[in-house]
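I opened the notebook to look up a few things in this structure.

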Amino acid sequence: MNDTVYPQYEVAVVGAGPGGIAAGVKLRRAGIDDFVVLERADEVGGSWHENHYPGLGVDVPALAYQYSFARKSTWSRVFPLGPEVKQYHVEVAQRFGVRDRVRFGAEVDREEWDDDAEYWTLHLTDGTTVTARFVISAVGAFVRPKADVGIPGARSFKGMVLRPSSWDHDYDLAGKRVGIIGTGASAVQIIPSIAPEAGRLSVFQRTPVWSLPKPDFRIPIALQRILALPGIQPVLHASALVVVDLALRAVVGLPGTVIHPLMDRFDAGCQALYRRYLARVISDPETRAGLTPDFGVLAKRPTLSNSYLRAYNRDNVTLVTTPIEKITPTGVRTADRRLHRFDALILATGYEVFSDPETYRPGTVLGRAGFDLAKFYNEQGLQAYQSVSVPGLPNRWTLVGPYSWTGSGWHAFVEMTADHAVRAIGETRRRGTRWCEVRKEAADAYHRDIHRRGAALRYYLADLNGHVPTYYRNSQGDSTYVRPSGFFEARRGNRRFPLDDYRYGVRAAAGAPA
């Protein structure tokens with residue numbers, strides 16, 4: 001008699017953003033149809049569904065911000081706006097039969113491996129559970145908006161509070177006194193979009209952002225027809241990847257005695273050019289000085305905009321660089337004791353990012369013998385074999401993990417990490433075993449190599465630009481956001497990793513799904 005209890009699904013994918021859609025497509029192409037995608041929102045698209053603030057758009061050209069298996073030739077702009085990007089993801093999910101597998105309103109609170117049953121139990125916030133043999137975490141890079149903005153009195157403001165991830169379009173900003181805290185990527189898009197309608201707009205800046213001209217324009221029909229020709233888009237995209245690949249390989253491959261002085265001179269030269277650019281764009285000398293970075297162009301996420309800097313030339317826009325003391329019921333009090341009164345306050349204060357150990361809550365991912373992913377990351381540092389798998393977490397992969405970004409668009413690298421997960425799942429099924437788990441010795445050897453090769457990035461982010469806050473450098477002083485290898489090496493590593501770098505469990509019982 002077989003008393004084996006089988007899970008509800010063979011594979012559970014957590015998240016229906018770009019990574020979750022890619023995982024679903026890859027699973028179906030591998031002939032694995034018994035899967036569910038758990039999505040906390042009510043539609044696919046991830047950040048492109050949850051964010052809908054004014055001015056939302058991509059800061060990567062559309063040709064590099066799409067799936068290789070679903071290239072689109074009819075993008076309206078070089079840098080499309082948010083609604084078009086969201087619709088693209090919805091259409092891809094529908095076209096490849098992934099959206100039908102999504103369970104909406106299903107937010108995973110805790111993942112727990114059952115040592116006896118040898119499958120995962122996913123605990124949802126509504127109190128229900130989902131069981132699956134394999135788990136692919138496709139949560140993404142920006143895990144959740146920061147609940148704590150790090151400013152005293154943040155919950156005391158009595159006016160309208162807006163966030164990029166929960167924008168209220170019914171609230172009319174026309175003629176209102178508006179304050180925005182933060183000058184990151186979202187704020188760079190919001191500020192010029194709302195400046196013409198706000199009565200007064202005050203921008204509270206802790207750190208200036210590099211904002212470079214955006215080569216954006218509408219794509220004419222004739223060019224769209226050219227992009228639709230077979231091979232055109234893949235060649236253009238591959239050419240861009242080669243350039244990025246060579247640059248990154250040069251940075252991580254040259255000895256410190258060579259690359260460190262080059263980095264010093266590179267930053268100094270870029271800052272000099274940017275000061276000249278600001279002198280042409282910003283009319284007020286004091287505002288110009290406040291918008292001038294004292295760090296390298298790649299130390300924080302640079303932005304692209306043709307309107308952000310020029311917004312400060314408006315009479316109704318003011319840059320505030322005095323540190324914030326606290327938020328009050330009526331506005332913002334700065335360290336000079338001045339109270340800035342507002343009708344509405346926009347909190348563009350960022351996200352918890354995958355490369356920070358604090359993002360991972362203790363007890364939320366529990367593996368073999370009580371292995372706690374958050375505890376491991378906080379004690380041992382962020383690390384994962386090929387960025388996707390961790391010893392102690394059998395049958396589980398993360399699409400956006402430590403050292404994963406290679407300078408490409410997001411879709412290119414979630415495709416390769418999804419390929420890794422699906423290949424390992426396929427091999428486990430082929431062998432007829434119930435689980436696979438990356439070998440500790442393989443993971444440790446990989447991490448030692450990747451950490452060694454990241455020395456130049458750590459110098460740039462932690463030494464040369466250590467004075468600037470950036471999510472490219474985490475609280476442990478490491479640069480776990482970027483993978484210190486070229487794109488093509490990363491793709492080979494995820495698609496052709498030695499299968500014996502995993503160990504495989506006992507054979508599945510007779511009658512079990514294979």
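Which residues touch the most other members of the largest nonpolar core? I found Ile 136, Leu 201 and Trp 397, in a core of 138 residues. I note that the model is predicted. Helix H11, residues 410–431, gives the most to this core, with 10 residues.

Next I looked up Leu 201. What is Leu 201 in contact with, leaving aside its neighbours within four places in sequence? I listed Val 178, Ile 180, Ile 191, Ile 194 and Ala 195, and then Asn 316, Val 317 and Thr 318.

Then I turned to the second largest pocket. I read a volume of about 340 Å³. The pocket is lined by 19 residues, and the closest to its centre are Glu 286, Thr 287, Thr 318, Leu 319 and Val 320. Which elements give two or more residues to this lining? I noted strand E10 (200–204), helix H8 (285–290) and strand E13 (317–320). E13 supplies the largest share, four residues. By type, I recorded four nonpolar, nine polar and six charged residues in the lining.

Last entry: Ala 247. I placed Ala 247 in helix H6, residues 232–253. Is Ala 247 buried or partly exposed? Its relative accessible area is 44%, so I logged Ala 247 as partly exposed. I also checked its C-alpha atom against that of Gly 486.

Conventions:
Residues numbered from 1 in each chain as written. Predicted model: local features only at pLDDT ≥ 70, side-chain atom pairs only at ≥ 80, totals over all residues. Heavy atoms only, no water. Core = buried A, V, L, I, M, F, W, Y, C linked by side-chain atoms within 4.5 Å. Buried < 20%, exposed > 50% of the residue type's maximum accessible area, 1.4 Å probe, protein only. Contact = heavy atoms within 4.5 Å. 1 Å grid on protein atoms, 1.4 Å probe; cavity = no way out; pocket = protein on both sides within 12 Å on 5 of 7 lines; lining within 4 Å. Points joined across faces, edges and corners; volume = space filled by probe spheres on them. Nonpolar A, V, L, I, M, F, W, Y, C, P; charged D, E, K, R; others polar.
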